[in-house]
Amino acid sequence: MPDSLRIDRNLTLDAGELTYRAVRSGGPGGQHVNTSATRVELTWDVAASASLDEAQRARLLERLHTRIDSRGVLRLVEGGRRSQLRNRETVTARFVQLVAAALKVPRKRKKTRPPRSAKEKRLRQKKRRAEVKRRRGPVQPDE
């Protein structure tokens, strides 16, 4: 594994901050699964991470609050493959994707108004629809 993990252009994590633990898992593998620890748990202490500045830490704690426990630890689990190495690679890729998405700051919405032509078109369609519905009613005898 590399010494550092690049999350985005503003954040590179020290790989030592991530803790991997292999445990036995279910899933494909038959009898092999009962004897090997292929499921991988990745944990990262967001609250105590030295790689984050305060703004990043606050953003991560807010955006990932459903995935972070009360001590400020993020935990991801992967056990879909028979290989511990493949599970480790998969959970690391998911971790990078998750953290990068949580750190992304959404653009401010710029207020816009619909153009006059759009308003006129909407009103024309509304009048046409009202006319169609009016004509469906009972026929009035001409006087």
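1. Arg107 is found in the loop that runs between helix α2 (84-103) and helix α3 (116-135). The model discussed here is a predicted one. Arg107 has a relative accessibility of 82%, and therefore counts as exposed, the cut-off for that class being over 50%. Its C-alpha atom is separated by 40 Å from that of Ala130, a residue 23 positions away along the chain.

2. Strands β1 (residues 4-8) and β2 (residues 11-14) run antiparallel and are joined by 4 bridges.

3. A search for aromatic pairs across the whole structure returns 1. The pair consists of Trp44 and Phe95, with ring centres 5.3 Å apart and planes at 85 degrees, and it is therefore edge-to-face; the angle required for that description is over 60 degrees. Trp44 belongs to strand β4 (residues 39-45) and Phe95 to helix α2, so the contact ties together parts of the chain 51 residues apart in sequence. Both Trp44 and Phe95 are buried.

4. A further side-chain arrangement concerns Arg88 and Tyr20. The charged end of Arg88 is placed over the ring of Tyr20, at 3.8 Å from the ring centre.

Notes: Residues numbered from 1 in each chain as written. Predicted model: local features only at pLDDT ≥ 70, side-chain atom pairs only at ≥ 80, totals over all residues. Heavy atoms only, no water. Helix = DSSP H or I, 4+ residues; strand = E, 2+ residues; numbered from the N terminus. Buried < 20%, exposed > 50% of the residue type's maximum accessible area, 1.4 Å probe, protein only. Pairing = 2+ DSSP bridges. Phe/Tyr/Trp six-rings, centres within 6.5 Å; stacked < 30°, edge-to-face > 60°. Lys NZ or Arg CZ within 6 Å of the ring centre and 35° of its normal.
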